[in-house]
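Hello,

Here is the structure I promised to pass on to you. Have a look at it first, and my notes follow below.

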Amino acid sequence: MSEPGRNELCPCGSGKKYKKCCQERHHADKLALRSQRSAIHTAIDWLREEYATEVQEAISRDFLGERSEEDLDKILTLPRPLAELVHANMEEWLLCDAELMLDDEPKPALELIFGLKGPALAPLGKDWLTALAEQPLSLYHVIDGSRPNELIIQDLLVPQSDPLRVTGGGSWSTTDTGEILGARLVRQNKSLVFSGAYYPLFDEIADECLAAIRVELAREQWTAWERRQIIAAVLIDFWLEGLIQLVEDKQDLNP
């Protein structure tokens, strides 16, 4: 959607002209988004250059789950939008949840990025990466997906939690009421926004995924870091299995 003219009515519905209402905030949001993307690209490029082997091992072991060559081939044949989503989710996981094995010891990737030898990052970009690192993935139920530029969701992993209002655009903008999805929430400009990672779960596996996460979390008293890694691992595994099943179903229809 194109940006309205300065003297047009603001799309937020306030009745004010755009220049007197949301224009300044929208411009600030665009600047922040550019800084966020730049920081992510800089951090990922640095990790792949400095720790190429360790990064690939972490992705194969913990994100892709050491899947068979046959299943990996199916992931590679996904339609372009889904393939791009896998890539984007994998990069955010690498920054937020991945551990690289260095001298037989696991090291959070972001700890390396923020270390003395890490890449130079602009303040806004570093703030965004810090915000990402503070928030784990979780599983959410979409209570209301009918409003433009807004979702009302509930965290399924926090019992009796209040509904949350999430603003912004992105891949989730076509999400339907009743859908279950994995995502990471970040507070920005006094609002909750999705970080960018987006794990829509098909109906038939969403309940199984939720049950599996709850079982793992109930096994013992985990640390906050262990808990976030469990949630990420189970969620990503079920999501990838759903994508593989999507490819298999398509192959069955087009033998």
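Let me start with a pocket: the lining of the second largest pocket has eight nonpolar, two polar and six charged residues. Here Ala, Val, Leu, Ile, Met, Phe, Trp, Tyr, Cys and Pro count as nonpolar, Asp, Glu, Lys and Arg as charged, and the others, Gly among them, as polar. Before going on, please note that this is a predicted model, in which local features need pLDDT of at least 70 and side-chain atom pairs count only at pLDDT 80 or more, while totals for chains, interfaces and linings use all residues. Residues are numbered from 1 along each chain as its sequence is written, and side-chain values use heavy atoms, with hydrogens and water left out.

The second largest pocket holds about 290 Å³ of space. A pocket is an open set of points on a 1 Å grid over the protein atoms alone, where a 1.4 Å probe fits, with protein on both sides within 12 Å along at least five of seven lines; lining residues have an atom within 4 Å of a point. The volume is the space filled by probe spheres set on the points, which are joined across faces, edges and corners. Of the 16 lining residues, Asp-62, Trp-93, Gln-229, Ala-232 and Ala-233 are the closest to the centre of this pocket. Helix H8 (224–253) gives the most to the lining, with seven residues. Helices are DSSP runs (H or I, at least four residues), numbered from the N terminus.

Now to the helix packing. H4 (residues 80–96) and H8 pack at an angle of about 165 degrees, with their axes 12 Å apart. Axes are lines fitted to C-alpha atoms over the stretch in contact, and angles run from 0 to 180 degrees between N-to-C directions. H4 is therefore roughly antiparallel to H8 (over 145 degrees). In this contact (heavy atoms within 4.5 Å), H4 residues including Leu-82, Asn-89 and Trp-93 meet H8 residues including Trp-225, Arg-228 and Leu-246. The contact of H4 with H8 has ten nonpolar, one polar and one charged residues.

H8 also packs against H7 (residues 203–218), at about 155 degrees and with the axes 10 Å apart. That makes H7 roughly antiparallel to H8 as well. Among the residues in contact are Ile-205 and Glu-208 of H7 and Arg-227 and Gly-242 of H8.

How do H2 and H4 cross, and at what angle? The axes of H2 (residues 52–63) and H4 come within 11 Å and cross at roughly 110 degrees, so the two helices are roughly perpendicular (65 to 115 degrees). Their contact includes Asp-62 of H2 and Trp-93 of H4.

Best wishes

Technical notes
Angles under 35 degrees count as roughly parallel, over 145 as roughly antiparallel, 65 to 115 as roughly perpendicular and the rest as oblique.
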